[in-house]
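The points below take up its rings, its strands and its nonpolar cores in turn.

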Amino acid sequence: MGVTLTKGQQISLEKTGAGALNVVRMGLGWQAAPRKGFLAKLTAREIDLDASAVLFAGQEPMDVVFFQHLVSDDGSVRHTGDNLVGGAGQGGDDESILVDLQRLPVHVDQIVFTVNSFTGQTFTEVQNAFCRLIDENTGQELARYTLSGGGPYTAQIMAKVHRSGDAWNMSAIGEPANGRTFKDLMPAIASHL
């Protein structure tokens, strides 16, 4: 198990004595919060959240990977596919984005990971939402950030992976926002670059 991050915390992804970190996977998981009242047992609820990765060079967005653009233009970042219901792994990843750190263009120094509800469901309807960073070569979880509490917002700026010299770091952001796609979140993302 990797490091459990709290909102605003940052860790280095530098591997001590194990060689360079090459490919990482940002996994996102969630479940529908249980319904209350008379209809609670009659219908199962599906929650459609979407993971996105916005690639930046400084303050300038360079590319984005999300359910409608699954691979970055240079091929270094790849979304594994859209999950429309959540909770598929009951604690496992529902959507994943693979990042080949060695293939990223040298000018890309930050990747911001977001999650949003395209259908407009709010995070009051979501439970156990998390993002985690995994070393794709070893399967080792490097870091995990778990959302605490729901809210009346439709999006979350989860975390960012950013370059500091030759080393990579991960920062837990956990900033609530509103928007159906990453485009709606760009003003909120800007304050975290």
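1. Two rings of Phe, Tyr or Trp count as a pair if their centres lie within 6.5 Å, and planes over 60 degrees apart make the pair edge-to-face. The model discussed here is predicted. Under this rule, 4 aromatic pairs are found. One of them joins Phe66 and Phe67: the ring centres are 5.6 Å apart and the planes stand at 80°, so the pair is edge-to-face.

2. Which residues make up the aromatic cluster? Phe66 and Phe67 belong to it together with Phe118 and Phe182. Phe66 has a relative accessible area of 10% and is therefore buried, the cut-off for that term being under 20%.

3. Arginine side chains also meet aromatic rings. Arg180 is placed over the face of Phe118, at 4.1 Å from the ring centre. Likewise, Arg144 is placed over the face of Phe130, and here the distance from the ring centre is 4.5 Å.

4. Is Asn116 buried or exposed? Its relative accessibility is 1%, so Asn116 counts as buried. A polar atom of the Asn116 side chain lies 2.2 Å from the backbone oxygen of Arg180. Beyond its neighbours within four places in sequence, Asn116 is in contact with several residues, including Asp48, Asp50, Thr154, Gly179, Arg180 and Phe182.

5. What is the sense of the pairing between S8 and S11? The two strands are antiparallel and share 7 bridges. Within this pairing, Asn116 faces Ala155 of S11. Strand S11 is mostly covered, as 8 of its 10 residues are buried.

6. His162 is a residue of S11, the strand of residues 155-164. Its relative accessibility is 11%, so His162 also counts as buried. The His162 side chain has a polar contact of 3.4 Å with the side chain of Gln10. With residues up to four places away in sequence set aside, the residues touched by His162 include Gln10, Asp109, Gln110, Trp168 and Met170.

7. Ser164 stands opposite Ala167 of S12. The hairpin formed by S11 and S12 has 2 residues between its strands, and Gly165 adopts a positive phi near 70° there.

8. The largest nonpolar core contains 39 residues, and Leu13, Val99, Leu104 and Met170 have the most contacts inside it. Among the elements that supply two or more residues to this core are S3 (23-32), S4 (49-57), S7 (95-100), S8, S11 and S12. A separate core of 12 residues lies apart from it, with Val54, Phe66, Ile173 and Phe182 among its members.

9. Leaving aside neighbours within four places in sequence, Leu13 contacts Leu21, Leu133, Leu142, Val161, Trp168, Asn169 and Met170. Met170 is also one of the residues touched by His162.

Key
Residues numbered from 1 in each chain as written. Heavy atoms only, no water. Phe/Tyr/Trp six-rings, centres within 6.5 Å; stacked < 30°, edge-to-face > 60°. Buried < 20%, exposed > 50% of the residue type's maximum accessible area, 1.4 Å probe, protein only. Lys NZ or Arg CZ within 6 Å of the ring centre and 35° of its normal. Polar contact = N/O pair within 3.5 Å; in protein donor to acceptor, adjacent residues only side chain to side chain. Contact = heavy atoms within 4.5 Å. Helix = DSSP H or I, 4+ residues; strand = E, 2+ residues; numbered from the N terminus. Pairing = 2+ DSSP bridges. Core = buried A, V, L, I, M, F, W, Y, C linked by side-chain atoms within 4.5 Å.
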